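Here is a short report on one protein model. It covers a sheet first, then pairs of charged side chains.

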Amino acid sequence: NIQYRYLENKGDGNHLVMTTTPRFFVPTNTIAGVDSYNGSTIDLATKDWYNNLPSVVKRQVQPVQTLFTGTGPEAAMPMAPSLGGPGAVPAGLAWNGTAGFILDLNNPMFSQAMREDFAEVDPNGEKKAFILSVAEVNKFSGPGQALPTLASRMNGHAVRTRFNATHPWTLNGDTGVLGAWNVLHNAWPMGTNPAFIIRDQDGACTSGL
């Protein structure tokens, strides 16, 4: 029985939810020539996980954009002195000053595409599961939000935002400050918490999600 965490009311009866624990562990990407989330190993694995859900769940899922923007290499970010091992942290992160685990995405070091990478209902899009972006995790983090503390988001290891061609952003779940932002290599297997936008069209799902 899969449990979900409620994240946001998207309006018009639509709600964003994600699994409370990782459903599988895969590398972010091992497919040559792919340098964004779209079409990556983790994107395909998340879609495959969705395709194997019970029909009672899938019929509630709403289509979202076929391709996510803001998921490619984040050229505006400065490079950390060393990338590749567990716990590598991007250099000079800008915090919002109210909680040390929340990024100030309005800082010029972050691109507009990265700041605006949110899943939305798209009638011409694709019914699928996906993993959250840096912008989404950031929005749902902090007091009164779905992810109020570092510990509350330590299970959501993988996010869909790329740091560069070989390293994705992640949430630390192993050593050091659990739940903190860092980056890991594409080949590092990461826990994946799929999310999707759902509409309770016929009572099959309830607000208890």
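Strands here are DSSP runs of E, at least two residues long, and helices are runs of H or I of at least four, both numbered from the N terminus. Two strands pair if DSSP finds at least two bridges between them. Strand β5 (residues 168-171) pairs with β6 over 3 bridges, in the antiparallel sense. W169 has V183 in β6 as its bridge partner.

## Salt bridges

A salt bridge is a side-chain nitrogen of Lys or Arg within 4 Å of a carboxyl oxygen of Asp or Glu. The count comes to 9 salt bridges. One of them joins D117 and R160, with the closest N and O atoms 3.0 Å apart. This pair links distant parts of the chain: D117 lies in the loop between α3 (112-115) and α4 (134-139), R160 lies in strand β4, and they are 43 residues apart.

Buried means under 20% relative accessible area, exposed over 50%, and partly exposed in between (1.4 Å probe, protein chains only). D117 is buried at 1%. R160 is also buried, at 1%.

K10 and E8 meet in a salt bridge of 3.4 Å, N to O. E8 counts as buried at 15%. A network of salt bridges links E8, K10, E120 and K139.

## How the values were made

Residues are numbered from 1 along each chain as its sequence is written, and side-chain values use heavy atoms, leaving out hydrogens and water. The model is predicted: local features need pLDDT of at least 70, side-chain atom pairs count only at pLDDT 80 or more, and totals for chains, interfaces and linings use all residues.
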